[in-house]
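Here are my notes on the model, point by point. Please read them with the structure open.

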Amino acid sequence: MTKVYRYEYASLSIALLIVYSHMGNWVLVPILYLIPDITALGFFVSTKTGEKTYNLSHTLLLPIILLSANLITKSNNLFTSIMIIWLLHITIDRTLGWNLFPRN
């Protein structure tokens, strides 16, 4: 990954932190931040399963879709907070250079 992408993800992380600071509960961040990494337990089944489960929880698409649907329906502030923390986890991982597993 080039430095430009890392700067973009860092910028997105900062933007997510700013948005979260206006609406989120900071107690949730240390509790929920590492939850997406639980999907790495799929590696105990097989490498292929681990890669698929880890990549599924570390792609931006799913939390963005869920966050968008939640914001459109204006249904739940807690759910919005959880989605922002999930996105924050992914963007910080990418800022640090931790990417998705390659497909074989």
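1. Asn77 counts as partly exposed, because its relative accessibility is 46%. The classes are buried under 20% relative accessible area, exposed over 50% and partly exposed in between, with a 1.4 Å probe and protein chains only. Asn77 sits in helix 5, which covers residues 77-95. Tyr5 is 72 residues from Asn77 in sequence, and their C-alpha atoms are 30 Å apart in space.

2. A word on the basis. This is a predicted model, in which local features need pLDDT of at least 70, side-chain atom pairs count only at pLDDT 80 or more, and totals for chains, interfaces and linings use all residues. Residues are numbered from 1 along each chain as its sequence is written, and side-chain values use heavy atoms, with hydrogens and water left out.

3. What secondary structure does the protein chain have? It has five helices and zero strands. The pattern along the sequence is α-α-α-α-α. Helices (H or I, at least four residues) and strands (E, at least two) are DSSP runs, numbered from the N terminus.

4. Overall dimensions come next. Along the principal axes, the C-alpha atoms fill a box of roughly 40 × 30 × 25 Å.

5. Now burial and surface. Of the 104 residues, 31% count as buried. The accessible surface of the protein chain is about 6,800 Å², and carbon and sulfur atoms hold 71% of that surface. Accessible areas come from the Shrake-Rupley method with a 1.4 Å probe; for residues, only the protein chains shown count as cover.

6. Which residues touch the most other members of the largest nonpolar core? They are Leu16, Tyr20, Leu60, Leu67, Ile84, Ile85 and Leu87, in a core of 14 residues. Helix 1 (3-23), helix 2 (28-32) and helix 5 each supply at least two residues of this core. Helix 5 gives the largest share, seven residues. A nonpolar core here is a set of buried Ala, Val, Leu, Ile, Met, Phe, Trp, Tyr and Cys residues joined through side-chain atoms within 4.5 Å.

7. Leu60 deserves a look. Setting aside neighbours within four places in sequence, Leu60 contacts Tyr9, Leu87, Ile90, Thr91 and Arg94. Contact means heavy atoms within 4.5 Å. Across the protein chain, take the contacts between residues at least 6 apart in sequence: 67% of them join residues at least 24 apart.

8. Is Ser81 buried or exposed? Ser81 counts as buried, because its relative accessibility is 3%. Ser81 lies in helix 5. Residues up to four places away in sequence aside, Ser81 touches Tyr20, Met23, Gly24 and Leu28.

9. Val19, in helix 1, is partly exposed at 44% relative accessible area. Val19 and Ser81 are 62 residues apart along the chain, with their C-alpha atoms separated by 9.6 Å.

10. Ile82 also belongs on the list. Its place is in helix 5. Ile82 is partly exposed, with a relative accessible area of 30%. From Ile82 to Tyr20 the separation is 62 residues in sequence and 9.9 Å in space, C-alpha to C-alpha.
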